[in-house]
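Work through the exercises below with the sequence and the model in view. Each task is followed by a solution in steps.

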Amino acid sequence: MGKFWVIFVASISILLPFLCNSFSPETPTDRRVLVLLDDLAVKSSHSSYFNSLKLRGFDLDFKLTDDPKIALQRYGQYLYDALILFCPSVERFGGSVDVAAIINFVDSGHDLIIAADVNASDLIREIATECGVDFDEDPSAMVIDHTGYAVSETEGDHTLIASDDFIKSDVIIGSKKIEAPVLFQGIGHSLNPVNSLVLKVLSASPSAYSANPLSKLSTPPSLTGSAISLVSVVQARNNARILITGSLSMFSNRFFRSGVQKSGSSTKYEKSGNEQFLTELSKWIFHERGHLKAVNVKHHKVGETDESALYRINDELEYSVEIYEWSGTSWEPYVTDDVQVQFYMMSPYVLKTLSNDKKGLYSASFKVPDVYGVFQFKVEYQKLGYTSLSLSKQIPVRPYRHNEYERFIPTAYPYYGAAFSTMAGFFIFSFVHLYNK
Amino acid sequence: MLILFDVIDLTSLEETYEALRTFDVLGIEKKPDVTATACRLVSETVGSSSSTLKDLFYALKANSIVKCKINDKAYQGIITRLNAAVDGASSLPDFYYSVGGLLLVKGSKGDVHLADADGIFRSVKAFRQSDGRWRFSSNSPESSAFAAGIALETLAGVVSLASPELDQSLISTLNSDISKLFDSIEKYDDGALYFDDKLVDGHDHQGPLATTSSVVRGLTAFAAVTDERLNIPSNKIFGLANFFLGIGVPGDAKDLFNQIDSLACLESNRVSIPLILSLPSTVLSVTKEDSLQVNVNTVLGSNAPPLTVKLVGVFTSGSKAASLVESQELVFDDGTGMYNLNNLPKSIDVGSYTFVFEIVLHEPEHEKIYVTGGQKKVPIFASGLIKIENAEIAVLDSDLGSIETQKKLDLAGQNAVSLSANHLQKLRVSFKLTTPHGLAFKPHQALLKLRHESKVEHIFVVGNSGKQFEIVLNFLGLVEKFFYLSGRYDIELAVGDAVMENSLLRAIGHIELDLPEPPEKATRPPPQPVDPYSRYGPKAEITHIFRAPEKRPPKELSLAFLGLTFLPLLGFLIGLLRLGVNLKNFPSNTVPATFATLFHVSIGAVLSLYVLFWLKLDIFQTLKLLGFLGVILVLVGHRVLSYLAATSAKLKSA
């Protein structure tokens, strides 16, 4: 028995690096996803969403939150690339998972989807707060919208909201326009205004408010209007991506399939926008879109091909970098016109937009400023929805050497002329003085 | 829903049967190719003696739906095989497949009997546990409700296959087991009941739907063969039906099969058939005079027996007051098959209500067959258009309360009032809401919003007394809350309720507020969210401004001055010529003449070196050459000068 155990441990420790290599900078798409559920019925009632993930090649591992064996990492290696928390009422997780473990999971670059619901537990709220999102503190509050609700024969309390106020970013929600409104039923949240990493993807309409639909409203609701976020995303500085929403049911098959008609509008859509919206959003969350990499950073003097170790002031130089976007299966050239390079020492001396050749190669040429010191080539590329690129390369710049200055300055010709005419006079004078008789 | 089955791999007999069964129950026409594929698969399995017992069982099940042609010889082979399997069975699934198989053969051939039904019954019963759950085999310690369902179905099969009928007392012992099993039933908040096997070690866990479905299948099969009534409270069956109806349409083909098959079992079972009361619409408009419609049918939508639907009472949501209406019967409409209440009672104004319905069966003996679930409470929203009148906005002087400016508002249309006030004045907004029945209406949302230019928002709840809604903002008390921010505030009024058909959000206009300067310790307004679109994006380009080159005179000027510098030399030469200089003193002897020539050549060389120094040489090269030339110059110069000195001394002395 003991021998078997040794063999088992040895084989795991040999295999582990190979088992855990699916999340890498080279292929950033997630592969193994842990789905934590309160109730296994969710697996069936939300199966369209899960199936769309499975069809895209994700390996979903469904676990109940009270399963004593759930763990995010083992022997220091993460077992999953992403985590889906479809467990709004969980009070504590089984196994070794807790808030700190989930935050560490995100801090090490993994992705997270959180769906809360009415009566979301403190644990889920705490995780959301760590991500920069505050759910309405009133535990029974829901988002209510008396002018933007979805017309329904059976739901009369206007908590089923049809929202179409999407973020304007093709990379986050896909380039195909989402025609039908998205159905939402749950709790609203607000974003911390000083947190620049969290974005509102789907906001409530100006007439929405967050309150308990059953009790009388005596104090102003804490969340109102388009400050209420229904779905938010976070892109951390390490490019980990997080999706937070206050509605678990928006992922459900029922909402995916149901038709939608927004109150006050006569257009009735056969199918709500939920499937398209959430599927496209999951592509972004799981790094199938908007993940950039920069390679082959090069710089050299104009007319040369080798990289210089240092530049002289006033040199003409060329800088180039190749940028690619991950498409889910391969790296495709990234084409845009707003990548900029800075020539930087304490502050940018030169900031220039790079031109591209539509094949991913970005280049610019400029003249080194006439200030010497240790400079940096900096590319700080941040665009809504894309992973940020931060490249910097140190390069010293020297002044002219003594013999590199201009030698024959026309202005000085009279001085030279005077000296040489004196010398010629002296030469003649030496004859006259010595041999005159 | 059918999409689910498109992806089914039609080589698995179990999945094929499930797909066929689901289509069958739902009454969907099977595609001919599905039937053909299924038949080919069935005859292959039935014909081969190497197929597993499980495949054989599902092949027979599929066959019972698609009715393929199987010859008698094949049937004889199957019967022998299954009989042998029954005798050799040692675990519950073995019994289940073999007994189930024989039952299916009996269904199509009709002359199949179990010789030792009594013994088989007892050996299956041996898997029973004391808590009503069953084990899969005698050596597995775990018991489950899932197995209980399978066991009941197997036993039902044994009973109907027994050729001398089984002793009823043997069968009736199971009654108490079934009751015990139902003691472990679990409950959702909405009254739906289900079975779930507690997770013991995770493997082979079926989930609540499969477990409940298995129990329902076993229970209904068993109820069909036993003579006595099973002792199960009918509301439990009703709760199970609610469970299957409440889960919606599952996204998994297996789950869908379990749901549809179980509903089909409940549709015509011998325990009690649930009758479901449903309302196509629970949002009724008072203004449009919608009629209340109620539908009663079985779980799969078949017509219910003759019955009456009674509206027992209507209660305002959240209050415990007495019913608003008398108990009354709904009118059955033959055309639609619905029970209608054509006009909502006069006492029903806009609001949310709980309607309580009751089903009364006409035939007393139906009470034993059907279960109606008692009184059913349905939340109903009665919505309507709310009349908004007397909307006004006014600026008042604080001390006297006298009106400074007052404007009428038309809340149905557009408004653009522009007001101004200082911190000593008040703002009053008032309006009146009445329901279609002329009563006071209190909406859930009655909010006044003031938004400063800097996007700082302030929200106030508009209070009411009866029909009259009024809010007075005393700016003196609000300066601190407004962060002493003077300037333009946009005013928005939101009035809305779930039952108000004309909920509104109107921008009324704006007010210029003139508030005092903030004291030093005043709180700063909270930071406002930054627009994400402006946060990113390219920055303005920066180009380095190079140091301007020194200003220089034009080249022509330098050249002119260069020419001027040669003028003194020219003057010197002319002067020399004027003076009539000669070189008569140049040594005439060869040796001194050579030294004199060398002396001047070396002076010329030193001067040329200076020119070269200017043109290309650096100081070190120059000094090296100069040292060399200097030595020659000194030596040669000494000879020449001493010769010249000697010559001139001779002349003087002469």
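## Exercises on a predicted model

Gly100(B) touches Phe57(B) and Phe95(B), when residues up to four places away in sequence are not counted. The model that shows this is predicted.

**Exercise 1.** State how chain B is divided into domains, and find how many Å separate the centres of domain 3 and domain 5 of chain B.

Solution. 
- Step 1: List the bounds. Chain B is assigned domain 1 (11-98), domain 2 (113-273), domain 3 (275-383), domain 4 (387-527) and domain 5 (583-642).
- Step 2: Take the centres over C-alpha atoms. Those of domain 3 of chain B and domain 5 of chain B are separated by 133 Å.

**Exercise 2.** Describe the contact between domain 1 and domain 2 of chain A.

Solution. 
- Step 1: In chain A, domain 1 covers 32-286 and domain 2 covers 291-398.
- Step 2: Find the separation. Taken over C-alpha atoms, the centres of domain 1 of chain A and domain 2 of chain A are 38 Å apart.
- Step 3: Count the residues in contact. Domain 1 of chain A gives 10 residues and domain 2 of chain A gives seven residues.
- Step 4: Find the area. About 630 Å² is buried between domain 1 of chain A and domain 2 of chain A, and carbon and sulfur atoms give 56% of it.
- Step 5: Of the area that domain 1 of chain A buries against domain 2 of chain A, 58% comes from Val171(A), Asn239(A) and Arg241(A), more than from any other three residues.
- Step 6: Follow one of these residues further. Arg241(A) also lies over the face of Trp284(A), 4.1 Å from the ring centre.

**Exercise 3.** Classify the pair of rings formed by Phe366(A) and Phe377(A), and say which strands the pair ties together.

Solution. 
- Step 1: Start from the total. Over all chains there are 47 aromatic pairs.
- Step 2: Apply the angle. Planes over 60 degrees apart count as edge-to-face. The planes of Phe366(A) and Phe377(A) are at 65 degrees, with the ring centres 6.5 Å apart, so this pair is edge-to-face.
- Step 3: Phe366(A) is in strand S26 (residues 361-367) and Phe377(A) is in strand S27 (residues 373-381) of chain A, so the pair ties together parts 11 residues apart in sequence.
- Step 4: Check the accessibility. Both Phe366(A) and Phe377(A) are buried.
- Step 5: Look for a charge over a ring between chains. The charged end of Lys367(A) sits over the ring of Phe546(B), at 4.9 Å from its centre.

**Exercise 4.** Find how many disulfides there are over all chains, and examine Cys87(A).

Solution. 
- Step 1: Search the whole structure. The search finds zero disulfides over all chains.
- Step 2: Check the cysteine. Cys87(A) is in no disulfide, and the nearest cysteine sulfur belongs to Cys131(A), 13 Å away.
- Step 3: Read the accessibility. Cys87(A) is at 0%, so Cys87(A) counts as buried.

**Exercise 5.** Examine the phi of Tyr75(A) and of Lys455(B), and locate each residue.

Solution. 
- Step 1: Recall the general rule. Most residues other than glycine have a negative phi.
- Step 2: Read the angles. Phi is positive in Tyr75(A), at about 50 degrees, and positive in Lys455(B), near 70 degrees.
- Step 3: Tyr75(A) lies in the loop between strand S3 (73-74) and strand S4 (77-78) of chain A. Lys455(B) lies in the loop between strand S19 (445-452) and strand S20 (457-461) of chain B.
- Step 4: Classify them. Tyr75(A) counts as exposed at 62% relative accessibility, and Lys455(B) counts as exposed at 55%.

Methods: Residues numbered from 1 in each chain as written. Chains lettered and ligands numbered in written order. Predicted model: local features only at pLDDT ≥ 70, side-chain atom pairs only at ≥ 80, totals over all residues. Heavy atoms only, no water. Phe/Tyr/Trp six-rings, centres within 6.5 Å; stacked < 30°, edge-to-face > 60°. Helix = DSSP H or I, 4+ residues; strand = E, 2+ residues; numbered from the N terminus. Buried < 20%, exposed > 50% of the residue type's maximum accessible area, 1.4 Å probe, protein only. Lys NZ or Arg CZ within 6 Å of the ring centre and 35° of its normal. Disulfide = S-S within 2.5 Å. Domains from an automatic or database assignment. Contact = heavy atoms within 4.5 Å. Buried area = accessible area lost by both parts, 1.4 Å probe.
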